[in-house]
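Work through the exercises below with the sequence and the model at hand. Each task is followed by a worked solution.

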Amino acid sequence: MSGIFYVIGTPIGNMGDITLRQLETLKNVDFVCAEDTRVTVKLFNRYEIKKPLVSFHEHSTRGVAEGIISKLLAGESCGIVTDAGMPCISDPGEVLVKMCAENGIDVRVIPGPSAVVSAVAVSGLSTSRFTFEGFLPVQKKQRSERLEKLRGETATMVFYEAPHKLRGTLDDLAEYFGGGRKISICRELTKIHEEVLRFTLDEAVQYYSEHEPKGEFVLVAEGCGELSGSSITIDEALAQVQKLVDMGERPVDACKAVAKESGFKKGELYSAFCE
């Protein structure tokens, strides 16, 4: 009879955010898979957990995964944790869950804190529907394609971002979604320097041009259905551009101004206007 694979949530920042069931499971499994064993050791030392740790991350080979599955099939129980929050969501652990499913291995969840749900809850934006987008692609073409698909998304959108990439991401969101779109920037959730900043995208861009981004960020962006101007057509947007041009604005400046209010991209408006 095969063992059980436990997906175990861990604190996203504050070490006190751990449950009795999580601690009990970590102490009772035969071994634990961790994204970064150095991070997990700190948690184990805090709660006096002494279990073998197996490193499993995005660069782990297929052979490492198969070795873990072999132990489970042999009857050993295994827990998996990530550096913070729930493992196996936008996380290398999802590979193991799939392999367990393929091999008939029982998978059980020991739930814990989630940065995504926590950020949505404190965002002050609509929580009835939201979509988790994780980290945006790094490659420019893939990034543009993803943002173009999301431009008309009506649900609240949640993104992860690292501090050194935050400014570029805010610039891109403002360009594709319009500068008037609301965004809640959740930084260092549950940690000492936790804060939630609520801006329009233009305000967020301006703020971080003057302040150095520090810490880990969860960005919660308003869906386009929440915007008063989101229902206008491209023809109506172009009419607004023409009106500004007639008043003396340069076409590029007129397109930029209308893009902020309409949700259309500045480049899209400019190309259509100049045809």
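Two residues are in contact when heavy atoms of theirs lie within 4.5 Å. The model is predicted.

**Exercise 1.** Find what share of the contacts between residues at least 6 apart in sequence join residues at least 24 apart.

Solution. Take the contacts in the chain between residues at least 6 apart in sequence. Of these, 70% join residues at least 24 apart.

**Exercise 2.** Describe the chain as a whole: its secondary structure, its span and its burial.

Solution. Start with the secondary structure: the chain holds eleven helices and ten strands. Next, the C-alpha trace spans about 75 × 40 × 30 Å along its principal axes. Finally, of the 275 residues, 43% are buried, while the chain exposes about 14,400 Å², with carbon and sulfur atoms supplying 50% of that area.

**Exercise 3.** Which elements supply the largest nonpolar core, and which residues touch the most other members?

Solution. The core has 21 residues, and Phe-159, Leu-170, Leu-173, Phe-177, Ile-183, Ile-185 and Leu-219 touch the most other members. At least two residues each come from α6, β7, α7, β8, β9, α8 and β10. Helix α7 (166–177) gives the largest share, six residues. For Leu-173, set aside neighbours within four places in sequence; its contacts are then Leu-136, Leu-147, Phe-159, Gly-178, Ile-183, Leu-201 and Leu-219. A second core, separate and of 17 residues, has Phe-5, Ile-68, Cys-78 and Met-99 among its members.

**Exercise 4.** How far apart are the centres of the positive and negative side chains?

Solution. Count 32 positive and 40 negative side chains. The centres of the two sets lie 3 Å apart.

Methods: Residues numbered from 1 in each chain as written. Predicted model: local features only at pLDDT ≥ 70, side-chain atom pairs only at ≥ 80, totals over all residues. Heavy atoms only, no water. Helix = DSSP H or I, 4+ residues; strand = E, 2+ residues; numbered from the N terminus. Buried < 20%, exposed > 50% of the residue type's maximum accessible area, 1.4 Å probe, protein only. Areas by Shrake-Rupley, 256 points an atom, 1.4 Å probe, with all protein chains shown as cover. Lys, Arg positive; Asp, Glu negative; His and termini not counted. Charge placed at Lys NZ, Arg CZ, Asp CG, Glu CD. Core = buried A, V, L, I, M, F, W, Y, C linked by side-chain atoms within 4.5 Å.
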